[in-house]
Amino acid sequence: MLDQATVLRELAFRKEKGLHKMRVIAVTSGKGGVGKTNFTVNLALALIEYGHRVLILDGDLGLANVDVACGITPRYTMEHLLSGEKTIEEIIVQGPRGLGILPGGSGVLELANLERARLVHVLSNLGRLEKLADMLLIDTGAGLNHTVLNFLKASDDIIVLTTPEPTALTDAYALLKAVKREGGTPINVVVNRVRQEAEARGTFERLETAVQKFLHGSLNLLGWVYDDPLVSRAVMQQEPLALAYPESSAYHCIQWIAGTVSGLYLQPPRQARGIRGFLGQMLRAF
Ligand SMILES: Nc1ncnc2c1ncn2[C@@H]1O[C@H](COP(=O)(O)OP(=O)(O)O)[C@@H](O)[C@H]1O
Ligand SMILES: [Mg+2]
């Protein structure tokens, strides 16, 4: 885990040298309800504490989660961007700590199935995102569908969230089976709702063994988050945990993970592809 001063220095250096490319990180899970939205929102807020500028794309089609978790109501969504009615700046909602939120709405489905003809418009808009943020976190929907898989393929990094429950684990495995990473980049795993470290490590090892043995893939244990009643209390209050209960054990875990994610950002295994790379990859999927 990196300290904040190191991260801030490196960020300033990159900006000065023009080495800045937005890193796209997808947060996903096999099964719904494992804590993706809470994790994404609070990870974003913890990354902001590290000095990063962060945007969340609410990519869950079914449920407009991120805005609810932050207690805000967006007026426009990606749908308005794709139809050309609104610009990217007009649809971004400001969340706490300057967190930018891109409400997906049904535009998510369109984005994941973008036609080439619309690319120029979308690119010129999304290209401006690069000036607004260092990282784009995508809260994808759960499960094995075309939209989720396209987001995963196009992202620089993937974080798969699971709980120790057997059903969550088998669904996580099924998802990992469907996602083949190029160049053997390991997929990051976060085990949520654990009672102790041993439970997190045991859960991870079960998943890792199956992935190594049957899929010949590799996983990286990014961290774990304790099962903490303050998480659901924050949900009820419609206030992110980072703000409502910054001293909770769950948020401390997420801060620790943010330190590791900062490390991924600063020492990338390869150059972040940026928003153009992301969209280019989305299009190649067809
Ligand atoms: N670490 C945790 N400890 C306790 N409860 C949690 C934790 N993470 C998530 N939850 C509970 O799980 C519920 C679902 O979380 P959510 O982020 O909406 O899941 P998803 O986006 O994966 O569907 C939350 O409302 C909260 O009550
Ligand atoms: Mg969700």
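**Close-up views of the predicted model**

View 1. The model is predicted. In total, 15 residues surround ligand 1. Gly33, Lys36, Thr37, Asn38 and Asp228 are the closest. Four elements each supply at least two residues of this shell: helix H2 (36-49), strand S7 (187-194), strand S8 (219-226) and helix H12 (229-237). Ligand 1 sits in the largest pocket.

**View 2. Backbone atoms of Gly33, Lys36 and Asp228 meet ligand 1****.** A backbone N or O atom of Gly33 lies 2.8 Å from an oxygen atom of the ligand. For Lys36, a polar backbone atom is 2.8 Å from a ligand oxygen. At Asp228 the ligand atom is a nitrogen, 2.9 Å from a polar backbone atom. On its own, ligand 1 has 570 Å² of accessible area, and the protein covers 83% of that.

**View 3. Helix H9 is mostly covered****.** Asn145 caps the N-terminal end of the helix. A side-chain oxygen of Asn145 lies 3.0 Å from the backbone nitrogen of Val148.

View 4. Asp171 is partly exposed, with a relative accessible area of 32%.

**View 5. Leu161 in strand S6, shown with Lys31****.** S6 comprises residues 157-162. Leu161 counts as buried because its relative accessibility is 1%, under the 20% limit. Its C-alpha atom is 9.0 Å from that of Lys31. The sequence separation of Leu161 and Lys31 is 130 residues.

**View 6. Tyr265 in helix H14, shown with Val7****.** Residues 249-266 form H14. Tyr265 is buried, at 3% relative accessibility. From C-alpha to C-alpha, Tyr265 and Val7 are 9.4 Å apart. In sequence, 258 residues separate Tyr265 and Val7.

**View 7. His216 has a positive phi****.** The angle is about 50 degrees, although His216 is not a glycine. His216 lies in the loop between helix H11 (197-215) and S8. S8 also supplies at least two residues of the shell around ligand 1. His216 counts as exposed because its relative accessibility is 69%, over the 50% limit.

**View 8. Gln238 also has a positive phi****.** Its value is near 55 degrees, again in a residue other than glycine. Gln238 lies in the loop between H12 and helix H13 (241-244). H12 is one of the elements that supply at least two residues of the ligand shell. Gln238 counts as partly exposed, at 40% relative accessibility.

Notes
Residues numbered from 1 in each chain as written. Chains lettered and ligands numbered in written order. Predicted model: local features only at pLDDT ≥ 70, side-chain atom pairs only at ≥ 80, totals over all residues. Heavy atoms only, no water. Near = heavy atom within 4 Å. Polar contact = N/O pair within 3.5 Å; in protein donor to acceptor, adjacent residues only side chain to side chain. Areas by Shrake-Rupley, 256 points an atom, 1.4 Å probe, with all protein chains shown as cover. 1 Å grid on protein atoms, 1.4 Å probe; cavity = no way out; pocket = protein on both sides within 12 Å on 5 of 7 lines; lining within 4 Å. Sits in = over half its atoms within 2 Å of the grid points. Buried < 20%, exposed > 50% of the residue type's maximum accessible area, 1.4 Å probe, protein only.
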